[in-house]
Amino acid sequence: MKLKKLIAASVLMCMLPASVLAKDIKIGVSMAYFDDNFLTILRQSMQSKMKADGNVSGQFEDAKGDIAQQIQQIENFVSQGVDAIILNPVDTQGVKPMIKLAENAKIPLVFVNRKPEVALPAGMAYVGSDSKLAGKLQMEALAKLMNGKGNVMILMGELSSEATRDRTRGVEEVAANYPGIKIVDQANRQVLPQRGGGRHHRLDFVRPADRRHRLQQRRNGHRRYFGAEASQKTRRAGGRR
């Protein structure tokens with residue numbers, strides 16, 4: 001977490017012209033959610049870094065999972081003449097309007113944690129992990145924990161997030177190498193209660209693809225929850241990382 005925060009700050013500082021660095025800097029920050037545990041930690045880390053730098057202030061906005069609201073936030077940042085923008089996108093496939101706004105205004109834009117699924121022009125960057133690789137590493141560790149056999153259910157997060165899709169692809173690719181492991185079901189966390197996902201199978205492990213759902217999980221009989229970035233709270237509840 002600290003490394004990601006420092007890299008994001010360093011990338012942003014390198015993108016700002018010397019004339020801007022000599023004055024007080026205002027950064028507009030739009031987060032997909034404020035009520036997400038991981039994103040809260042990320043937001044608080046950015047606030048701490050800005051405070052430590054002394055001449056940097058941030059305006060933080062909550063998009064509340066609404067892409068239209070997030071576009072409006074970027075429009076407001078541009079109108080206010082911020083020196084730079086940090087964006088944690090609601091929809092990684094719907095970022096073109098926001099890229100265009102920043103590009104036209106010649107404002108540096110840094111995406112954080114959720115990778116935009118479009119090519120970024122000059123003056124823009126992404127700071128975050130390789131989601132597909134994370135999924136592969138996760139499933140390899142899970143396969144060892146399962147001794148190469150058992151039933152797995154995948155709980156997916158927002159399908160608008162590349163992390164959900166790419167982590168799931170990584171998990172599926174690795175699981176295909178283990179004949180004794182069967183992915184018996186996949187469900188988006190919003191529809192899982194209505195579907196009763198996995199209730200017709202004996203589940204040995206549940207592989208969450210989304211940290212928002214993972215925080216609500218508990219050990220349940222023979223089922224074990226396994227996440228790529230489980231928090232201290234989840235591990236205390238009986239999950240594995």
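Predicted model: local features only at pLDDT ≥ 70, side-chain atom pairs only at ≥ 80, totals over all residues.

Trainee: How much of the protein chain is buried?

Mentor: Of the 241 residues in the protein chain, 50% are buried.

Trainee: And what share of the contacts joins residues at least 24 apart?

Mentor: Counting contacts between residues at least 6 apart in sequence, 64% join residues at least 24 apart.

Trainee: Let us turn to the sheet. What is the order of the strands in the open sheet of five?

Mentor: The order is S2-S1-S3-S4-S5, and the pairing is parallel.

Trainee: Which are the edge strands?

Mentor: They are S2, residues 56-62, and S5, each of which pairs on one side only. From one strand to the next, the twist averages 20°.

Trainee: Which helix packs on that sheet and touches S4?

Mentor: Helix H3, residues 37-53, does so, and it also touches S1 (25-31), S2 and S3 (84-87). The direction of H3 makes about 160° with that of S2.

Trainee: Which strands does H4 lie across?

Mentor: H4 lies across S1, S2 and S3, and runs at about 175° to S1.

Trainee: Now the helix pairs. At what angle do the axes of H4 and H5 cross?

Mentor: H4, residues 67-80, and H5, residues 96-105, have axes that cross at roughly 5° and come within 9 Å. H4 is therefore roughly parallel to H5.

Trainee: Which residues make the contact?

Mentor: H4 contributes Gln70, Ile71, Ile74, Glu75 and Val78, while H5 contributes Pro97, Met98, Leu101 and Ala105. By type, the residues of this contact are seven nonpolar, one polar and one charged.

Trainee: What about H6 and H7: how do their axes cross?

Mentor: The axes of H6 (residues 131-145) and H7 (residues 162-175) come within 7 Å and cross at roughly 40°. H6 is therefore oblique to H7. The crossing in which H6 passes H7 is right-handed.

Trainee: Which residues are involved there?

Mentor: On H6, the contact includes Ser131, Lys132, Ala134, Gly135 and Met139. On H7, the residues include Glu162, Ala163, Asp166, Arg167 and Val174. The contact of H6 with H7 divides into six nonpolar, four polar and seven charged residues.

Trainee: Where is Glu117 placed?

Mentor: Glu117 is in the loop between S4 (109-112) and S5 (124-127). Its relative accessibility is 35%, so Glu117 counts as partly exposed.

Trainee: What is Glu117 in contact with, leaving aside its neighbours within four places in sequence?

Mentor: The contacts of Glu117 are then with Thr92, Gln93, Glu162 and Arg165. Glu162 also takes part in the contact of H7 with H6.

Trainee: Changing topic: why is S6 described as largely enclosed by the rest of the structure?

Mentor: The reason is that six of the seven residues of S6, residues 150-156, are buried.

Trainee: How many bridges join S6 to S7?

Mentor: Seven bridges join S6 to S7, residues 181-188, and the two strands run parallel. Val152 has Ile183 as its bridge partner in S7.

Trainee: Where is Lys106 found, and is Lys106 buried or exposed?

Mentor: Lys106 is found in the loop between H5 and S4. With a relative accessibility of 74%, Lys106 counts as exposed.

Trainee: And what is the phi of Asn147?

Mentor: Asn147 has a positive phi of about 55°, although it is not a glycine. Asn147 lies in the loop between H6 and S6. Asn147 counts as exposed because its relative accessibility is 66%, and the cut-off for exposed is over 50%.

Conventions:
Residues numbered from 1 in each chain as written. Heavy atoms only, no water. Axes fitted to C-alpha atoms, helices over the stretch in contact; angles between N-to-C directions. Helix = DSSP H or I, 4+ residues; strand = E, 2+ residues; numbered from the N terminus. Parallel < 35°, antiparallel > 145°, perpendicular 65-115°, else oblique. Contact = heavy atoms within 4.5 Å. Nonpolar A, V, L, I, M, F, W, Y, C, P; charged D, E, K, R; others polar. Left-handed = near helix turned anticlockwise from the far one by under 90°. Buried < 20%, exposed > 50% of the residue type's maximum accessible area, 1.4 Å probe, protein only. Pairing = 2+ DSSP bridges.
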